[in-house]
Amino acid sequence: RLRGAAMSASGRPTLRLLALYPEQMNIYADRGNMIFLARRCEWRGIGFEHVAAGLGEGFDPGAHDLIYIGGGQDRDQRRVAEDMLRAKREGVAAALADGASLLAVCGGYQLLGHSYQLGDERIAGLGLADLETVREDGPRLIGNVAIEVDLGSGPRTLAGFENHGGRTHLGPGAHPLGRVITGRGNNGRDGYEGVRDGRMIGTYLHGPLLPKNAWLADHLIAQAIARREGAEPQLQPLDDSLEAAAHESARRAAGR
């Protein structure tokens, strides 16, 4: 069973968003990211459909153009990880293979990898990204962060906030989302943040991420629409003065 509300209109491009576990994986203002995507579509006359799949619920891999997984606490990640492997792993993999995009934040990012090691306990992940996360001794990685990324149109800056106890290590088959300018990133040592593989993005940046980085929201919107339209649309420019101010504030907080 899928829960959600459709807000699309016939005859216009539509972004179809699937949120996985929005009840369990929503501790870092993750709903703000989805609301921001909906508003930017609405302001441009683009349709927006939002459904959710929770514990025990399946979904049609061909029905959604953007999959979103937010962050959760360790106890919620345990429940979600088990359900993901049983009820959703094949669907997510099939959607990605068919051109869907995916954005995973914090705990959702960790679950993209092979496993999350919590002391003697190993939580199996989706294995869609070549990475491992471990809870090591030492303080949590907390603070403002800025990274440099290039999603195909030249270097840009992403700014946000990180708060994670796990240290994520990328394997040889993984590519980082970006290079840390300020902050800790994946593990506080290698200078990388997040993971990117085709149309799949995982990151520790939240706060929420997209309202502070409107350009990334537009990148995801265009990419998702292109799955059905065949080419990325030229999105109508918006008055992003408030969004630009939020981005600059986040960059200043990170020391940029």
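In the predicted model, buried residues account for 52% of the 256 residues of the protein. The secondary structure consists of 6 helices and 15 strands. The radius of gyration is 17 Å, which agrees with the value near 18 Å that a compact globule of 256 residues would have. Along the principal axes, the C-alpha atoms occupy a box of roughly 55 × 45 × 30 Å. Of the contacts with a separation of 6 or more, 73% are between residues 24 or more positions apart.

The protein carries 30 positive and 32 negative charges, whose mean positions lie 3 Å apart. The structure holds 16 salt bridges. One of them joins the side chains of Arg44 and Asp218, with an N to O distance of 2.9 Å. This pair links distant parts of the chain, as Arg44 belongs to helix α1 and Asp218 to helix α5, 174 residues apart. Arg44 counts as buried because its relative accessibility is 13%, and Asp218 likewise counts as buried at 14%.

A salt bridge also connects Asp65 with Arg228, the closest N and O atoms being 2.8 Å apart. Here Asp65 lies in the loop between β3 and β4, whereas Arg228 lies in helix α5, 163 residues apart. Asp65 is buried, with a relative accessible area of 0%, while Arg228 is partly exposed at 40% relative accessibility.

The salt bridge between Glu82 and Arg86 (3.9 Å, N to O) lies within helix α2, where the two residues are 4 residues apart, about one turn of the helix. Glu82 is exposed, with a relative accessible area of 54%, and Arg86 is exposed at 57% relative accessibility. Elsewhere, salt bridges that share partners join Arg16, Glu49, Asp65, Asp98, Arg227 and Arg228 into one network.

Technical notes. Residues are numbered from 1 along each chain as its sequence is written. This is a predicted model: local features need pLDDT of at least 70, side-chain atom pairs count only at pLDDT 80 or more; totals for chains, interfaces and linings use all residues. Side-chain values use heavy atoms; hydrogens and water are left out. The radius of gyration is taken over C-alpha atoms; the globule rule is 2.2 Å times the number of residues to the power 0.38. Buried means under 20% relative accessible area, exposed over 50%, partly exposed in between (1.4 Å probe, protein chains only). Contact means heavy atoms within 4.5 Å. Lys and Arg count as positive and Asp and Glu as negative; His and the chain ends are not counted. The place of a charge is taken as NZ of Lys, CZ of Arg, CG of Asp or CD of Glu. A salt bridge is a side-chain nitrogen of Lys or Arg within 4 Å of a carboxyl oxygen of Asp or Glu.
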